[in-house]
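Dear colleague,

Please find below the structure that I am handing over to you, with the sequence alongside. My findings follow directly after it.

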Amino acid sequence: MAELLKAVLSASEKAAEIARLCRDAEPLFRLLVAEKTGADRNQRFSHDFKTLADVLIQEVIRHDLGAKFPELRGHIGGEESNEFTNANGDTVAVRVCGTVGETAALLGSVLHPEREAAELLAAAAHREMAVGDAELDGVAVSIAPGDVAVWIDPIDSTNEYIVGREDVAPQDGIAPSGLCSALVLIGAYERGSGRPVLGVINEPFHRRHPQTRGWQGRYHWGIAYQGTHLSSLSPPAPPHPPPRVVLSRAEAPGVRDALASLCGGHLHFAAGAGYKMLCVILGHADSYVLSGGSTFAWDACAPHAILCALGGGVVALGDALRARREGDTGAPPQLTYNRPAEGAVGAERWANRGGLVAYVHPQHLEAVLEALAAVPGL
Ligand code: 2IP
Ligand code: CA
Ligand code: CA
């Protein structure tokens, strides 16, 4: 009876379809390329086309989940605001309308004069998606939609999505950059406690079909709810020290050095906050460390739920180090998703301000925190 899981999975499949369509359909790809080269950029719309793709995907997910579960309406948040200003200076709220024609007309008012692009996007937004996953029928956990709220990152790693490189060879299973790091992230958390309970990561550009060369996606899910832990992934392999750690290329030098000594050469760099957490989920890395506040609730919620389902988690790094220094020997605090940061405005309200550590095995978390405790300024 995993109705919510099924609905989130099919919303993620529709989102992945739209992400692929924007790269495959010529009238849409042309607009994306204009983004990449800077040619023509922002001249016709007051926002980037990539932002419209993001906003539309987020609205499609919000619409489909809200239609299925009215209790969720008003409790589905995301990275993007849905307000656009078109070439005439009118503000348009992008949303999925009652009919495909109405949605096409609304998108047309933002994308004018790109009518074909608007029609392609509207048709994709209204397509019925069925998730034919027999495994889901055996999932015997029912999550009350009225108890949870949702965070959406419609496309994580947008830079890699726009640039679209397909030729980046993975190293030890981890792609340093490229289209494969663009992901759809949908996570649900408990409204009361802020704990993540259900996560779906969809990889729209997992691989090219060997014969047709068309894109094939795939998805992963996890549930950690009231003592039940379930996931589409097999249980993690036993831990082997030292941990293999994945970092952002923008990570601070002090953190890099401390972790390089800990991992004895097993340090990796990759694009995309969601992708780095996926590397931990898939067992290509043991931990993802980020010392700054450059990720948000919508980046972490879905991967966090899957990590919890596998016995791991995502710890709030700053708080964990503080507790450690104060001699607290309890479990380090996990990230939560229901409370905005005090005194912050806009997206910053939902930033994971003190950084994070994602892990599967608590032993690896402990080793990473110990190494970081010695880094000045953290
Ligand atoms: C970004 C994206 C970036 C990441 C950043 C996220 O989200 O995942 O790749 O930086 O933290 O907020 P990095 O690649 O250095 O880890 P988005 O693409 O949705 O803006
Ligand atoms: Ca993101
Ligand atoms: Ca995004």
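Along the sequence, the residues that donate to the calcium ion (ligand 3) follow the spacing E-x73-D-x1-I. In this predicted model, the protein donors are E79 (OE), D153 (OD) and I155 (O), at 2.2 to 2.4 Å from the ion. The calcium ion (ligand 3) and the calcium ion (ligand 2) lie 3.9 Å apart and are bridged by D153. Distant parts of the chain are linked here: E79 belongs to the loop between β1 (76–78) and β2 (83–85), whereas D153 is in strand β4, 74 residues apart from E79.

For D299, a polar side-chain atom is 3.4 Å from an oxygen atom of ligand 1. Ligand 1 taken alone exposes 440 Å², of which the protein buries 76%.

Two or more residues of its shell come from each of β4 (148–156) and α8 (273–281), and β4 gives the most, with 3 residues. In total, 14 residues surround ligand 1, the closest being D156, S157, S248, K276 and S294. Sorted by class, the shell holds 3 nonpolar, 6 polar and 5 charged residues.

With kind regards

Conventions. Residues numbered from 1 in each chain as written. Chains lettered and ligands numbered in written order. Predicted model: local features only at pLDDT ≥ 70, side-chain atom pairs only at ≥ 80, totals over all residues. Heavy atoms only, no water. Near = heavy atom within 4 Å. Polar contact = N/O pair within 3.5 Å; in protein donor to acceptor, adjacent residues only side chain to side chain. Areas by Shrake-Rupley, 256 points an atom, 1.4 Å probe, with all protein chains shown as cover. Helix = DSSP H or I, 4+ residues; strand = E, 2+ residues; numbered from the N terminus. Nonpolar A, V, L, I, M, F, W, Y, C, P; charged D, E, K, R; others polar. Donors = N, O, S within 2.8 Å, 3.2 Å for Na, K, Ca; no water.
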